[in-house]
Amino acid sequence: MASELMPGQKRFTVGAVAADIVLVVWFVFSLFPILWMFLLALKTPAEQTTTYFKFSPTFENFGTVLSQKGTDLTSVDFKSALLTSLINCGGAVLVSLAIGIPAAYAAGRWKYKGSNDLMFNMLSFRFAPELMVIVPLFVIYNQIGLFDTKLGMVWVLQLVTMPLVVWILRSYFEDLPEDLEQAALLDGYTRKRAFVMVALPLVRPGIAAAALLSFIFAWNNYVFPLILADSNAGTVTVAVTKFLGGGGQAYYNLTAAAAVIAALPPLILALTIQRYLVRGLSFGAVKS
């Protein structure tokens with residue numbers, strides 16, 4: 001007679017074991033490029049084209065990328081590009097939050113004919129191919145003097161960050177009971193004060209999640225800084241690729257080291273606000 005299973009235990013079957021094996025294989029397959037990039041960043045120039053796991057690791061590549069030597073090799077100041085990316089993406093997220101939070105509140109509280117269509121049209125700006133608008137934007141930016149400026153990059157990145165902020169936070173405001181704000185209004189609060197003192201603190205996890213996702217999408221954007229910026233407002237996504245052909249030679253190990261460094265700011269930001277991030281991503285998951 002088969003023994004009874006304890007609570008929480010699962011009976012092993014061929015199908016379950018096969019599913020676990022497939023999951024592990026897919027997990028290794030998905031993470032292997034990241035592991036290979038990190039290993040490549042530790043290789044010397046003589047070993048950068050080898051495919052062996054046995055090599056002499058060195059952290060010199062990271063120093064080269066951030067030093068004058070890397071600038072001489074590729075004509076790109078990676079430290080400056082890193083700082084510029086922080087300014088561009090941070091500024092874009094702050095502008096999107098300042099405008100998008102009140103817009104999301106209004107969209108979540110007041111319904112009218114065509115409101116859903118308006119929200120869908122706003123979201124479509126995020127998923128539309130960037131190449132559709134890059135040519136007219138390039139012409140306009142050159143005419144009004146925004147080409148290769150940080151202000152111009154913050155402005156154009158609103159096409160990436162603003163729809164995300166509004167669309168994500170709209171669902172959070174819709175999940176908030178209106179009775180809370182009505183009670184505040186009965187206590188003498190104005191609509192503006194009720195929004196700031198009651199609704200806004202309750203959606204802080206959602207704001208953190210929307211801000212992080214917007215920052216990551218803005219940080220990873222490649223087309224806009226490639227076409228609309230040069231040395232003054234160029235970002236790390238463009239600077240990383242310069243190591244592939246700097247001086248007529250491909251520095252694969254330096255490219256990998258630059259990519260590892262470029263991945264650190266979003267990772268550090270995610271770890272910093274992870275307490276709010278987990279709550280924010282699950283806040284509106286279950287509808288009452």
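Domain bounds here come from an automatic or database domain assignment. For this protein chain, a predicted model, that assignment gives domain 1 (14-64) and domain 2 (70-285). How far apart are the C-alpha centres of the two domains? They lie 30 Å apart. The two domains do touch: the contact takes 12 residues from domain 1 and 12 residues from domain 2.

Now for what the record says. UniProt, in an unreviewed entry, lists residues 12-39, 81-106, 118-141, 153-173, 194-219 and 250-273 under "transmembrane region". Let's look at two of those spans in the model. Residues 118-141 are 88% helix and 0% strand, with the end C-alpha atoms 27 Å apart. Residues 250-273 are also 88% helix and 0% strand, but there the end C-alpha atoms are 37 Å apart.

| Helix pair | Angle between axes | Axis distance |
|---|---|---|
| H5 (residues 115-127) and H8 (residues 158-175) | about 140° | 7 Å |
| H4 (residues 78-109) and H10 (residues 191-202) | roughly 100° | within 12 Å |
| H11 (residues 204-220) and H14 (residues 252-272) | about 175° | 10 Å |

Start with H5 and H8, whose axes are at about 140°. That angle makes H5 oblique to H8, because only angles over 145 degrees count as roughly antiparallel. H5 passes H8 in a left-handed crossing. On the H5 side, the contact is made by Asn116, Met119, Phe120, Met122, Leu123, Phe125 and Arg126, and H8 brings Leu159, Val160, Pro163, Leu164, Val166, Trp167 and Arg170. Sort these by class and you get 11 nonpolar, one polar and two charged residues.

Ile101, Pro102 and Tyr105 of H4 make the contact with Arg191, Phe195, Ala199 and Leu200 of H10. That group splits into six nonpolar, no polar and one charged.

Finally, H11 and H14 pack at about 175°, so they run roughly antiparallel to each other. Here Leu212, Phe215, Ile216 and Trp219 in H11 meet Ala262, Pro265, Pro266, Leu269 and Ala270 in H14. How many of the residues in this contact are nonpolar, polar or charged? The count is nine nonpolar, no polar and no charged.

Definitions and conventions. Residues numbered from 1 in each chain as written. Predicted model: local features only at pLDDT ≥ 70, side-chain atom pairs only at ≥ 80, totals over all residues. Heavy atoms only, no water. Axes fitted to C-alpha atoms, helices over the stretch in contact; angles between N-to-C directions. Helix = DSSP H or I, 4+ residues; strand = E, 2+ residues; numbered from the N terminus. Parallel < 35°, antiparallel > 145°, perpendicular 65-115°, else oblique. Left-handed = near helix turned anticlockwise from the far one by under 90°. Contact = heavy atoms within 4.5 Å. Nonpolar A, V, L, I, M, F, W, Y, C, P; charged D, E, K, R; others polar. UniProt positions renumbered as here; feature names shortened; annotations may be inferred.
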